[in-house]
Amino acid sequence: KAALANFDRTLALFSPLAAQKPDDSALVTEISNAMAWRADALKIGGDVGGALAQRQAQAKLLEKLLEREPQIASAKNDYSTAMRELGNMASLSGQSSTAMKSIQKALAMSVELRNSDPQNAEYKLFEIMNRLDLAAVHLERCDQNGALVQINSALPMLQSIPDPDKNLRQEKEQIDLQLQIFAFRGQMLAGNGGELSGALRDLIDQKTMAMARMKPGRDDPLYFARAEIA
């Protein structure tokens, strides 16, 4: 509640300024960031409808900015994130078609960013996350082939991300584990139970053990639980 109140105050301060300076891209970016944080606070508080409306407003704001200044990479990245969040919330609400369209838009934007700077590890990670979430929607629709297309695109990209200082090791292991879980679910949906599923199950076990030996990550229990459910 305290965070939400602060974001409300921030938007109340910035909105009149934006009305006076509609072409100020830096100001629009600040408002977009405040909207994103406010949406997250609403979602954490259980107000999925309010969070959805806030993300929709943010997406519209960024669309207008990109129409005027299509070269702003940070705005493209923020738009991709907003659309992915919209898709995830639509999925939670059982709106799989809406979720699919939103995450596809997010993916298209992240692919554009990655193509503009192929060595950018952050852009690759964002694209992988979009593919991961899109695979989740395919699985919800029992479309194992659609899910596996996204997984098979994401896995080699994840492996290609350089990490000389191992700063991304925990995050990469988490994402890799989730991709393997989705691959396992896709194979089970396809009825491929035998040796392939056994191999995937062993790989999931190896990943969870490797993560357990690392410095514990905040979200590790969530990934371990997903592995057990799979």
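Biologist: Which residues in H4 meet residues in H6?

Modeller: On the H4 side, they are Ala73, Asn77, Ser80, Thr81, Arg84, Asn88 and Ser91, and they meet Glu122, Tyr123, Phe126, Met129, Asn130, Asp133, Val137 and Glu140 in H6. Contact means heavy atoms within 4.5 Å, and helices are DSSP runs of H or I, at least four residues, numbered from the N terminus. Keep in mind that this is a predicted model: local features need pLDDT of at least 70, side-chain atom pairs count only at pLDDT 80 or more, while totals for chains, interfaces and linings use all residues. Residues are numbered from 1 along each chain as its sequence is written, and side-chain values use heavy atoms, leaving out hydrogens and water.

Biologist: Why are H4 and H6 called roughly parallel to each other?

Modeller: Their axes (lines fitted to C-alpha atoms over the stretch in contact, with angles from 0 to 180 degrees between N-to-C directions) are 11 Å apart and at about 20°. Under 35 degrees counts as roughly parallel, over 145 as roughly antiparallel, so H4 and H6 are roughly parallel.

Biologist: And what makes H3 and H4 roughly antiparallel?

Modeller: H3 (residues 48-68) and H4 (residues 73-92) have axes that come within 9 Å and cross at roughly 150°. That puts them over the antiparallel cut-off, so H3 and H4 are roughly antiparallel to each other.

Biologist: How do you know whether Asn130 is buried or exposed?

Modeller: Asn130, in helix H6 (residues 121-140), has 0% relative accessibility, so Asn130 counts as buried. Buried means under 20% relative accessible area, exposed over 50%, partly exposed in between (1.4 Å probe, protein chains only). Beyond its neighbours within four places in sequence, Asn130 is in contact with Ser80, Arg84, Ile103, Ala106, Leu107 and Ser110.

Methods
Helices (H or I, at least four residues) and strands (E, at least two) are DSSP runs, numbered from the N terminus. Angles under 35 degrees count as roughly parallel, over 145 as roughly antiparallel, 65 to 115 as roughly perpendicular and the rest as oblique.
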